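Please look through the following points with the structure open beside them.

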Amino acid sequence: METEPNITANGEANNNTTDVDQDQPPPTEEEQVPSEPIPTAKQEDKYYQDARKYWSRIAPTVDGMLGGFGSISFTDIRGSDQFLKNLFKMKPAPGRGQALDCGAGIGRVSKGLLMSWFDRVDLAEQDGAFCETAGKELEGSGKLGTIYNKGLQEFVPEEGKYDLIWSQWVLGHLTDEDIVEFFFRCTKALRRNGLMVIKENFTNGDKPELDRCDSSVTRPLALMKQLLTKGNLRVVKELRQKDFPKGLYPVYMIALKPIINGS
């Protein structure tokens with residue numbers, strides 16, 4: 001479940017790029033976006049079980065992690081690297097000691113991105129086979145920390161440990177309630193000047209879209225920002241990924257800081 005989902009979209013997206021530095025206020029009542037397709041508490045167990053079953057059948061390869069779109073991995077990592085480079089130009093910049101890769105899959109993002117920037121990288125991934133593959137792939141890097149075999153709905157990162165928490169193509173597997181709680185836990189896990197980055201698909205419309213195949217939901221950007229605010233996070237920078245093939249959902253990278261820093 002905690003890995004890059006199938007990123008195919010029903011609609012067509014262009015590749016325009018938006019780079020925004022901002023401290024955004026909470027959404028107004030008129031801007032509130034309903035989240036009807038997202039499972040209720042009674043449906044939650046089955047929602048997570050179905051996702052777990054889906055990913056247990058997926059090969060532990062880059063192509064498997066990217067839903068058959070392994071060819072975009074280079075472009076994806078390149079875009080993330082440029083975004084991260086710009087974050088280190090901020091004042092004050094985050095440290096470069098410890099990072100956490102959430103929904104790490106087989107360690108694609110850790111290997112291609114985070115280990116180039118940080119001294120130590122931990123991974124959180126719910127699928128045991130993916131964790132095993134990631135361990136083998138990354139053990140020779142000299143930068144591998146702890147691999148936590150946990151789903152993000154139950155994972156509790158250590159408080160005050162991380163300079164960066166990176167979460168990519170995984171939040172669609174969490175319910176609204178669990179995603180807010182996850183955000184709260186991440187704010188407590190950040191070091192001074194630390195950042196959280198999410199990189200996700202977003203719908204072209206104003207309503208969430210449920211994928212029953214892999215048990216995930218793709219949210220509108222406005223809804224995600226509401227959930228971020230509820231989870232004590234504010235946007236400091238956002239950028240739309242460019243150069244992906246047409247026909248995919250829009251993908252945004254969003255850098256975040258705690259609204260109220262509890263550290």
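1. Aspartate 243 and arginine 78 form a salt bridge, with their closest N and O atoms 3.9 Å apart; the term stands for a side-chain nitrogen of Lys or Arg within 4 Å of a carboxyl oxygen of Asp or Glu. The pair links distant parts of the chain, since aspartate 243 is in the loop between β9 and β10 and arginine 78 is in helix α3, 165 residues apart. Aspartate 243 is partly exposed at 47% relative accessibility, and arginine 78 is partly exposed at 44% (buried is under 20% relative accessible area, exposed over 50%, partly exposed in between, with a 1.4 Å probe and protein chains only).

2. This is a predicted model, in which local features need pLDDT of at least 70 and side-chain atom pairs count only at pLDDT 80 or more, while totals for chains, interfaces and linings use all residues. Residues are numbered from 1 along each chain as its sequence is written, and side-chain values use heavy atoms, leaving out hydrogens and water.

3. Where does aspartate 76 lie? Aspartate 76 belongs to helix α3, residues 73-87 (helices, H or I of at least four residues, and strands, E of at least two, are DSSP runs numbered from the N terminus). Its side chain meets that of lysine 199 in a salt bridge of 2.6 Å, N to O. Lysine 199 is in strand β6, so the pair ties together parts that are 123 residues apart in sequence. Both aspartate 76 and lysine 199 are buried, and a network of salt bridges links Asp76, Arg108 and Lys199.

4. The largest nonpolar core has 33 residues, of which Ile165, Leu171, Phe182, Phe183, Met196 and Ile198 touch the most other members; such a core is a set of buried Ala, Val, Leu, Ile, Met, Phe, Trp, Tyr and Cys residues joined through side-chain atoms within 4.5 Å. Helix α6 gives the largest share of this core, 6 residues. Apart from it lies another core of 26 residues, including Val109, Leu114, Phe118 and Leu164.

5. The whole structure holds 9 aromatic pairs (rings of Phe, Tyr and Trp, the last by its six-membered ring, pair if their centres lie within 6.5 Å; planes under 30 degrees apart are stacked, over 60 edge-to-face and the rest tilted). The rings of tyrosine 54 and tryptophan 55 have centres 5.0 Å apart and planes at 90°, so this pair is edge-to-face. Tyrosine 54 is buried at 12% relative accessibility, as is tryptophan 55 at 1%, and Tyr54, Trp55 and Phe130 form one aromatic cluster.
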